[in-house]
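Hi,

Here is the structure I promised to pass on. Have a look, and my notes follow below.

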Amino acid sequence: MSDFPRWKYALVALVMLFGVIYALPNAFRPLLAVQVTANRDAPPIDQSLQQKVQAALTSKNIAASAVAVEGDHLLATFTNSDVQKSGADVIKAALGDGYTVAFKLQSNVPAWLRAIGARSMPLGLDLQGGVHFLMQVDQNDAIDKQENSYADDIRTLLRQKNIRYESVTRNTVREQGIAVILRSPEDRSTAADAIANEYTDLNVANGANTGDRFVLNVVIKPEKLRELSRSAITQNLGTLRNRINALGVSEPLIQQQGDSRIVVELAGVQDPTEAKKLIGAVATLQYRPGIGQAGDAQAQEAARTGSIPPDANLYRMRGSNLPVLVSKQIIVTGNQLVDASSGIDQQSGTPKVDVTLNAAGAKKMGDFTNANVGKPMAVVYVEQVYETKVVDGKEVRVPKVTETVINDASIASPFSKQFQTTGLGSPKEASDLALLLKGGALAAPMDIVEEGVIGASLGQDNIDKGFKAVMLGLALVLLAAAVYYKLFGLVADIALFFNLVILLAVMSLIGVTLTMPGVAGIVLTLGMAIDANVLICERVREELRNGSTPHAAIRAGYEKAWSTILDANVTHLIAALALTTMGTGAIKGFGVTLMIGILTSLFTSVTLTHAFTALIHGHRKLKTLSV
Amino acid sequence: MEIFNHDSNIPFLGMRKYSIAIALFLMIASIVMLVVKPLNYALDFTGGVSMVMDYDQSVEISDVRAALEKGGFDHALVQSLGGTREVSIRMQPKDDQKAVDANGKVNLDLIASDVLKTLQVSRPDAKLKSRELVTAEVGAELKSDGTVAAVFVILGIMAYLWIRFERRFAIAAVATEIHDVLVTLGILALTQREFDMTVLASVLAVIGYSINDKVVVFDRIRELFRLARKAEPEEILNRSINNTLSRTIITSLFTAITMGALYFFGGSAVHGFAVTMLIGIVVGTLSSIFVASPILLWLGVSKKDLMPVTKENSELARRP
């Protein structure tokens, strides 16, 4: 029987090879490492730093498997998590503040595998320990801000256009818009046109009139509202990323979940206090007149002697840490900032940040810049972090305020509503600044709605148990199939084994995070993948009983079983698909695993076994089949 | 090797009055059970605080309970996590007044350290292995998400069977599916096993599993109807069940074996999943044999409903 085409043999061989290669990285356990990266103003990582770290570790009798410079960072690897922890403490103490020291699981996959894109599956927190937070973003806050800002803008616009109005008030109910009350129908129609022309994101409609009060209802378009909610999340994500990077966790997972939630997973971290502090931090911005340049003689002098002019504050520049004097007068605060985005300046070709202020801010900014062209203006970043302290035996939350200057530039020409900061060092600096500006001004408040700490030992426990369950489940089914279906059972066993391999390969390639529910999904897939082979074997047996020749029985067995297998798997696939639509991470992981498992098993149980069966029975004359 | 006599012709359809009566009874009993003794929802659904404690030496659950009561945690739920050294403790944040601030924000770390201190009074070898806080809001959402997913699965399957088979098959399959889910949930309520997120995933997987069984029988029914010259529905349905009986039971056994391995070796994190799946396999297998086909018969399936074979179908069927 050679009705099994040659290209299919080739396909089966290729897929098997693919499975083995791409599943292979999972066999290499990652190394426990400590990663050191230099902060912006610290000297770069080089050999001397490596020697320093090595010496510090040796002096404290901590055995590192390797300490090596890899590109822009330094990696020290350790044999177990206890040594890793004390190693990190020693390195942190030896290097001081200029460097970020973080735990890392360093991939141990050989370079040739990595070169072809093969990598091991990332492990979920339940398999490696760590902390996770689920946060609810209060998007209403962003909408409130925007509605207030539009009310301001409309007032300014009407004044500019000399349209007399009685009042412009924001409805107390959110998303109900702004009521503009005018004195005549003519005024109302001119006002409606003016607003609609100026602000394309607003819908303008006539309201009910009472006496000589002519009402205009202005609401933000639903698309714009949706965009606002979306951007509140995106901004919060960005801000969180920035803040958590400062924490020095390597590869933190910060993702949007559903419409209004953000999930943060920090692998390897066991103490959530520091992370929570950063998440809860409130940041605001202040535009203030600068006094001199950062690091100039006057600022240096003030920093050295501590004698600061009475109308000024002494701050440090973020990054360079240079002292800078800033006036106490506040021009505009972050609340008046509507948007900030980074880009490239067309004229100079340097990175820039575009800033948009609301009407009130624009007026103040216009007044100030008109009078102060050529003078410096500083952006002060005020971060407020709550710390829990024990006072008189009671726990109180004490705000700790840190103020740094994130930008200090000269005013080139007067500006008000929209302006740009140019001449920034790099596109990254520009996007960081934009993020900071927005982060300070727009990030909607967040609440922690779910929180968990999973011990590192629990993670290792779960890995061991999960591995044992998969192996044992596999072994038992392999044995049962071989006993019950003899040679056909052995062929099914090969298929089942490769199903596991290919399933792992696909999951690794896509980068599915492996969790305990995922492991359960793998085990379940093993149990159900054999079903297709049971169907085929039972069919072949039936055909033999009905008097078919062995070759005909094989052919009919595969043909007749196919439609059943297809129907059964499609319905099963529908169920798996529903699982993946569930927002929750754990169930999603299970659903994805199940779905990939159904697809791979469809191939291995039908095509792969068919190839092997054809190969074994080939053109030989057969009297019986071992099924 | 063969366990089943391939010539068996057990009159499954002949007992349909009894089997359907039993199925109906089980469904009603399950609904009553779910009302009287609601599911033992875990933290994932109810919200609250959960901790896993690890002891160096073995510990009695009753001792842990006593220690907690002494420390003022009267409403804490203590459960063993398999083995004698690991216990899970669940409670509502309000049991530790200090840890809830004026805005209702909960300080998980404070609760955990309070509980740990309480336990260490009598057992200094107690260690905190993990801790978790879920707000009630997130829990409620999970419940509704789960229900939506279950409805989506059932409707999706119904639509597929309607297209690939025929209306009556779709209705029979879905009716049996609802039976399977209800009875599985009923047994979970009866045994008061903890219903957490993995159990929910397992219940949804049970739907996927048991539909497999039904589809295999239905496929055979369709095939036999098309082949048979004189098609007596009851006889054809009965023959289909008997022909596929060996496959139905062998597949269930294989799947049950893997779930057994998961139960015994997978650890406490997947216990609930494996047990639910095992219950679902038993219920699903029995309903495939005893319940689905009688419903199909009552709905009045006949040869002519399945006859005009569309071209696509025959082509699909011919592929290997």
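What pLDDT does chain B average, and what share of its residues score at least 70? Chain B averages 87, and 94% of its residues score at least 70, with pLDDT being the predictor's confidence in each residue, from 0 to 100. The model as a whole scores ipTM 0.87 and pTM 0.77.

Some housekeeping before the rest. This is a predicted model, in which local features need pLDDT of at least 70, side-chain atom pairs count only at pLDDT 80 or more, and totals for chains, interfaces and linings use all residues. Residues are numbered from 1 along each chain as its sequence is written, while chains are lettered from A and ligands numbered from 1 in the order in which they are written.

**Chain B on its own**

Chain B has twelve helices and six strands (DSSP runs numbered from the N terminus: H or I of at least four residues for helices, E of at least two for strands).

As for overall dimensions, the C-alpha atoms of chain B fill a box of roughly 80 × 45 × 40 Å along the principal axes.

An unreviewed UniProt entry lists "transmembrane region" for residues 18-36, 146-163, 248-266 and 272-301 of chain B. Those positions are in the numbering used here, feature names are shortened, and annotations may be inferred rather than shown by experiment. In the model, residues 248-266 of chain B are 95% helix and 0% strand, with the end C-alpha atoms 26 Å apart. Residues 272-301 of chain B are 87% helix and 0% strand, and there the end C-alpha atoms are 39 Å apart.

**Where the chains meet**

65 residues of chain A are in contact with 60 residues of chain B (C-beta atoms, placed from the backbone, within 7 Å). On the chain A side, helix 15 gives the most, with 17 residues. Among the other elements of chain A that each supply at least two residues are strand 21 (446-454) and helix 13 (456-510).

Cheers

Technical notes: Contact = placed C-beta atoms within 7 Å.
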